[in-house]
Amino acid sequence: MEEQQRCATMQSPSREERDADTKSRKGGLLTMPFIIANESFEKVASYGLLPNMILYLMKDYNMGFAEGNNILFFWSAAINFMPLLGAFLSDSYLGRFLTIGLGSIASFLGMLLLWLTAMIPATKPPVCDQLHPETCRSPTAAQLTLLAASFTLMSIGAGGIRPCTLAFGADQIDRRDDPNNKRILERFFGWYYASASFSVLIALTGIVYIQDHVGWKVGFGVPASLMLVATVLFFAASSIYVKQKATKSLFSRLAQVAVAAFKNRKIALPSASGSASNKWFYHTDSCFTQPSDKLRFLNKACVVKNPEQDIAADGTAADPWSLCTVEQVEELKTLIKVIPIWSTGVMMSINISQSSFPLLQAKSMDRHISSTFQIPAGSFGTFVIITIVIWVILYDRAILPLASKIRGKPVHFGVKSRMGAGLVCSAMSMALSAIVENIRRGKAIRQGIVDDPNAVVNMSAMWLVPQHCLNGLAEALNAIAQTEFYYSEFPKTMSSVASSLFGLGMAVANLLASAIMSTVDNVTSKGGKESWVSKNINRGHFENYYWLLTILSVINVLYYVVCSWAYGPSVDQRRTAMDDGKISSHEEELSMLEARVKEEGELQKPKELQA
């Protein structure tokens, strides 16, 4: 009990922090329009560029489908990976304000360079004659360098803006002595996510429509202008922001454990005796006093060999890269434990990242919904977003209340069940994509338009909607459950890692998707054969590529079942077991304490229950 009270005291803000927040005249709701506008404009600009980019690379840079798609895979991987680096720099050195500011400038410069490639003919190879493809020239090294510089700057910008905006906004309104503080934060988070979703919808509709009907010059100029406005707005409110100083990053803490465990690999672990706790290094006000028995080789990172040499006068480690606290060790163990389950989400992310394939499919199909209006090919990704929003609303407002009413008690579908269901939906989406593409290609052959990749097949593009909806349902189930799983399993000190893992999975998925496509292209084009992922969608075999992803997705579902079983019961599974009365009173009390311990960042059980 005393240990729990100490943990609660540790997590409460100090008097100095409360006084500083009370006295501060900066921040508040006045800063919200500037922060939210910066994030919203960045999303509109960046998300609006990606859907049609494969067409720009193929038509204006004379690239093949596989080559252009691989470039986009690498760009997407950088966009998803850079926020990890941005979070590290923000926490350790730059602070959130400077990181967002530099990111905004980098994003604008990247979009400006991309706009210049559309404005200046010399930045691209000459226009290619489709009737005589042998005369087409590839882009020069200088032209590719300019394009790569544009993508790199936009990736750096995303790395500076995306990981910091939410936390920076919370810094402005987080007044813990205010009784309405929780409600104010909830309102901010709600507006933040609502604006983010709305921004993506605007990007996938408005920006894509401009690119299709007005051209690349305006289609790239609008995002660059929006990013310029976002940057100016953000810096305009500089004087009224609350700017927290950079502190030590959790990523450094985790790296220190790995280094210290390697340095101390030859020392022996203390024996399991009563005096052994004196050999472990922990702060006197810490919830962690000795490490767990799992992954014991990491325990060597927190062994005190010589107290006089290892521990400084102020109680800290003399060399944090040779001696770490028990708390640091347990944080790394928690991260390692979830890696297998995290890896199962990579396959779903690979499937989601296949946005260029549906784009070419939609472009070759009848997209008219009236005699005068047709849906832009790049806007079909909107159905993914719409499905996610509909699912979130139905799940919270209809499915759970109805299931609870039927059972007569509150019902909660476990995170691991939802993750598994999402993976199944992802596999179904790829299978459906293969079936639809097989039908579309068959119609193209019967219509005699195999050699014309720009011809429109007599088939409605609305047949693509179900596969987009399944992708959206897969993401709504798996991605949301993944994040919830990490937050519930990790101690609170690792919340930043929990929010970064899904993005890291997307980055890995983009790289693997590129490797899969390159392999398929190289293998299937041997001997002068037409590649499965040919630039001419009618001559290629995109349906076979989709079937390959389906097979990999089914294997991944089986892999997830094994990983879920090996992980053991999660926090929410233990809570459900308690609610259903499936465990004994002693086990119930122990599980409740374990769940509470996990929430408070503890791992040790009370001594009176260890007997």
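Begin by selecting helix H5 (65–94) and helix H6 (96–119), each of which supplies at least two residues of a nonpolar patch; helices here are DSSP runs of H or I with at least four residues, strands are runs of E with at least two, and both are numbered from the N terminus. The model is a predicted one, in which local features need pLDDT of at least 70 and side-chain atom pairs count only at pLDDT 80 or more, whereas totals for chains, interfaces and linings use all residues. Residues are numbered from 1 along each chain as its sequence is written, and side-chain values use heavy atoms, with hydrogens and water left out.

**The nonpolar patch**

Display the side chains of Phe-81, Leu-85, Leu-89, Tyr-93, Leu-94, Leu-98, Leu-102, Ile-105, Leu-109 and Phe-235, which form this patch on the surface with about 860 Å² of accessible area together. Such a patch takes residues with over 30% relative accessible area and no salt bridge, joining nonpolar side chains (Val, Leu, Ile, Met, Phe, Trp, Tyr) within 5 Å and like charges within 9 Å; the areas come from the Shrake-Rupley method with a 1.4 Å probe, and for residues only the protein chains shown count as cover. H5 contributes the largest share, five residues. Now pick Ile-105, which sits in helix H6 and counts as partly exposed at 36% relative accessibility, where buried means under 20% relative accessible area, exposed over 50%, and partly exposed in between.

Neighbours within four places in sequence aside, Gln-143 is in contact (heavy atoms within 4.5 Å) with Tyr-61, Ala-122, Thr-123, Lys-124 and Pro-125.

Select Arg-162 and Glu-42, a pair whose closest N and O atoms are 3.5 Å apart. Because Arg-162 lies in the loop between H7 and helix H8 (165–173) and Glu-42 in helix H3 (residues 32–49), the pair ties together parts that are 120 residues apart in sequence. Glu-42 is buried, at a relative accessible area of 1%.

Go on to Arg-418 and Glu-484, whose side chains meet in a salt bridge at 3.0 Å, N to O. Arg-418 belongs to helix H16 and Glu-484 to helix H17 (residues 465–489), so this pair links parts 66 residues apart in sequence. Arg-418 counts as buried at 8% relative accessibility, whereas Glu-484 is partly exposed at 31%.

Then select Asp-451 and Arg-539, where the N to O distance of the salt bridge is 2.4 Å. Here Asp-451 lies in the loop between H16 and strand S2 (457–460) and Arg-539 in the loop between helix H18 (495–524) and helix H19 (542–567), so the pair ties together parts that are 88 residues apart in sequence. Asp-451 is exposed, with a relative accessible area of 57%, and Arg-539 is partly exposed at 37%.

Finally, find Val-411 in the loop between helix H15 (382–407) and H16, where Val-411 counts as buried at 14% relative accessibility. The C-alpha atoms of Val-411 and Pro-401, 10 residues apart along the chain, are separated by 7.9 Å. Leaving aside neighbours within four places in sequence, Val-411 is in contact with Leu-400, Ala-403 and Ser-404.

Definitions and conventions. A salt bridge is a side-chain nitrogen of Lys or Arg within 4 Å of a carboxyl oxygen of Asp or Glu. Buried means under 20% relative accessible area, exposed over 50%, partly exposed in between (1.4 Å probe, protein chains only).
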